[in-house]
Amino acid sequence: MVLSAYAQQGTFILNNYSAYNFNGAIVAGNPTPTGGTCYPLVSSSNPNPLVVPADSHIGNGLALQIDNYRDQYTASLYPITTWEVSTSATNQGVLRTWSHPAVMPGGAVSNNTKWGGSKFYMTDPATGAQVPLFNANIAVAGTCNTTVPDYYTCPSGSAEIFTINSGTNTITYLNIY
Amino acid sequence: MLLGCCTFSQSTRLVINNYSSYNLVGRLIAGSPTVANSYLIAAPNTPGSYTVPALMTDIQYTSFDTSGLSTLPIYNWYLAAGMFPYNDPAVSALVPVSEWATFYFQTKDNAGNSYEDFRIGNPAISSGIGFTSSSYQLGSYSEAEWFDIGGYTYLQVY
């Protein structure tokens, strides 16, 4: 029998334990890429940057949590209005509103993407100034983005990204310290 | 079972998701850019030409010679030698040869009014059999995209 290519998107949780604001984008991709491609790819597009304030995490109920591309718009503390979707090398960067069928739960894109990475910079909540060296591009180990580390550290803090399988769900955590 | 004997398979399954409120009426075409005269064109289903109804999703064609079993059945294929039932050996013979190429279609409302023309497909495969297509097209009323994930080819219309 032919195996199904379907995989679950899973949940994304960003815990910002640091004293700085997270500013960035989050990216999901194909967890079982074929032919050397990561398509489909989905990244947050609006707001840009996506901001998660200092000291926002599951410990105080202020974490960023995304269960799927659509329902996060009403459920998340930090709603994403528009996703940027690339389905192939020729179908690049199509903007999809959170309610568009292209990104609905159970659709081809949702079923074939899993949270994988982020690029971000941290800012001082009082001044808005960027924190020196506290910016990175990180991705879950073993995903298609093999050149990006899953851990980053600098004098002002650190970040890690990893997945945990919980029952049938996969949770991807991005923790910033 | 003769496992290992016959590893033929066509390259992908086709999944059609029509999220739009238009009927998609036209010619669904498969073929091979390397083997001449190996094309297949879906024969008309109601109302007169191959039609994907408005808002019909999760239509799947696992292979050409099982297309009559789909939720949107294709009972007959036009081949170079004429029209054949989907389960005819002439169709099965093209399963390891041909690939999904393109869907030339018009968006139509239930009254039959046409809105736009789309030529959506795999440009490399369809051009190899004489049909020009693109993998993405944005119209004034609708939008269509064609892409591959794993062993599946998706055609999605919004």
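I take two strands to pair if DSSP finds at least two bridges between them. Strands, like helices, are DSSP runs numbered from the N terminus (strands E, at least two residues; helices H or I, at least four).

**Ground rules.** I am working on a predicted model, in which local features need pLDDT of at least 70 and side-chain atom pairs count only at pLDDT 80 or more, while totals for chains, interfaces and linings use all residues. Residues are numbered from 1 along each chain as its sequence is written, chains are lettered from A and ligands numbered from 1 in the order in which they are written, and side-chain values use heavy atoms, with hydrogens and water left out.

**Entry 1, strand 8 of chain B.** I looked up the neighbours of strand 8. Strand 2 (residues 23-31) of chain B runs antiparallel to strand 8 of chain B, and 9 bridges join them. Gly26(B) stands opposite Phe105(B) there. Strand 9 (residues 114-121) of chain B also pairs with strand 8 in the antiparallel sense, over 7 bridges. In that pairing I find Thr102(B) opposite Gly121(B). Strands 8 and 9 of chain B form a hairpin with 5 residues between them, and Gly112(B) in the turn has a positive phi of about 90°. Of the 10 residues in strand 8 (residues 99-108) of chain B, 7 are buried (under 20% relative accessible area; exposed is over 50%, partly exposed in between; 1.4 Å probe, protein chains only).

**Entry 2, the A/B interface.** I count 20 residues from chain A and 15 residues from chain B in the contact (heavy atoms within 4.5 Å). The buried area is about 1400 Å², with 55% from carbon and sulfur atoms; this is the accessible area (1.4 Å probe) that the two parts lose on being put together, summed over both. Thr87(A), Asn91(A) and Ala108(A) supply 28% of what chain A buries against chain B, more than any other three residues. There are 2 salt bridges between the chains (a side-chain nitrogen of Lys or Arg within 4 Å of a carboxyl oxygen of Asp or Glu). One of them links Glu143(B) and Arg96(A), with the closest N and O atoms 2.8 Å apart.

Most residues other than glycine have a negative phi, and most peptide bonds are trans. I find a cis bond from Asn46(A) to Pro47(A), omega near 5°, and another joining Asn48(A) and Pro49(A), omega about 0°. Pro47(A) sits in the loop between strand 3 (41-46) and strand 4 (50-52) of chain A. Asp55(A) has a positive phi near 55° and is partly exposed at 42% relative accessible area. Asp58(B) has a positive phi near 60° and counts as exposed at 54%.
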